[in-house]
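User: I would like to go through this structure term by term, and to hear for each label what value stands behind it.

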Amino acid sequence: MVDIVLFCIYLLIAGAVGTTVWAVVRSARLRDKSAAMHHHVPARRIALAVATFLVVCLLVTFLFGSTEPLLSNGKPFTSAGWLRTTDMLINTSIVLVIVAAACMAAGRFKC
């Protein structure tokens, strides 16, 4: 039973990754030069900056992630890759929330 659940989870993850890659490629191919500026806002530059920041943030938080073993259900969990991945996702989420709040505040109080 556990094998079936794991297979379904892996299938869902593969589907999500595939859909994400398809959407990014499709969006990049369908975007024309007129979409670079929208109501005097550099939309293309902002999208590129956000995507670049996300990738850099994920990479940096993975590289600096902790590999210290955790106690889970009374047993030590020592998989360094998964420990770093967990740290990466948690720390990246925190950084992105802080950056989003700072950008909202900067936009709100900009003269």
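User: How do you know that the structure holds zero disulfides?

Analyst: A disulfide is a pair of cysteine sulfur atoms within 2.5 Å, and the structure holds zero of them. Cys57 is in no disulfide, since the nearest cysteine sulfur, that of Cys103, lies 13 Å away. This is a predicted model, in which local features need pLDDT of at least 70 and side-chain atom pairs count only at pLDDT 80 or more, while totals for chains, interfaces and linings use all residues. Residues are numbered from 1 along each chain as its sequence is written, and side-chain values use heavy atoms, with hydrogens and water left out.

User: Why is Cys57 called buried?

Analyst: Buried means under 20% relative accessible area, exposed means over 50%, and partly exposed covers what is in between, with a 1.4 Å probe and protein chains only. The relative accessible area of Cys57 is 8%, so Cys57 is buried.

User: And why is Cys8 called partly exposed?

Analyst: Cys8 has a relative accessible area of 37%, and therefore counts as partly exposed.

User: What makes up the secondary structure of the chain?

Analyst: It comes to three helices and four strands, where helices (H or I, at least four residues) and strands (E, at least two) are DSSP runs numbered from the N terminus. Read along the sequence, these elements follow the pattern α-β-β-α-β-β-α.

User: Why is the chain called more spread out than a compact globule?

Analyst: The radius of gyration is taken over C-alpha atoms, and the globule rule is 2.2 Å times the number of residues to the power 0.38. For 111 residues that rule gives 13 Å, whereas the chain has a radius of gyration of 19 Å, well over that value, so the chain is more spread out than a compact globule. Its C-alpha atoms fill a box of roughly 55 × 35 × 20 Å, taken along the principal axes, and buried residues make up 5% of the 111 residues.

User: Which residues of helix 3 are buried, and what covers them?

Analyst: The buried residues of helix 3 are Leu83, Met88 and Thr92. Their cover includes helix 2, strand 3 (70–72) and strand 4 (75–77).

User: What makes Thr92 buried, and which residues does Thr92 touch?

Analyst: Thr92 has 4% relative accessibility, and therefore counts as buried. Contact means heavy atoms within 4.5 Å; not counting residues up to four places away in sequence, Thr92 touches Leu54, Cys57, Leu58, Thr61 and Asp87.

User: Why is Thr61 called buried, and what does its side chain reach?

Analyst: Thr61, which lies in helix 2 (residues 43–63), has 12% relative accessibility and so counts as buried. Its side chain reaches the backbone oxygen of Leu58 at 3.2 Å. Leaving aside neighbours within four places in sequence, Thr61 is in contact with Met88, Asn91 and Thr92.

User: Why are Val97 and Arg108 called exposed?

Analyst: Val97 lies in helix 3, and its relative accessible area of 58% is why Val97 is exposed. Arg108 lies in helix 3 as well, and Arg108 is exposed because its relative accessible area is 64%. The C-alpha atoms of Arg108 and Phe77, 31 residues apart along the chain, are separated by 45 Å.

User: Is Asn73 buried or exposed, and what is its phi?

Analyst: Asn73 is found in the loop between strand 3 and strand 4, and at 78% relative accessibility Asn73 counts as exposed. Its phi is near 55°, a positive value in a residue other than glycine. Most residues other than glycine have a negative phi.

User: Where is Ser27, and what makes Ser27 partly exposed?

Analyst: Ser27 is found in helix 1 (residues 2–30), and its 35% relative accessibility is why Ser27 counts as partly exposed. Ser27 and Val55 are 28 residues apart in sequence and 18 Å apart in space, C-alpha to C-alpha.

Notes
A polar contact is a pair of N or O atoms within 3.5 Å; within protein, one must be able to donate a hydrogen and the other to accept it, and residues adjacent in sequence count only if both atoms are side-chain atoms.
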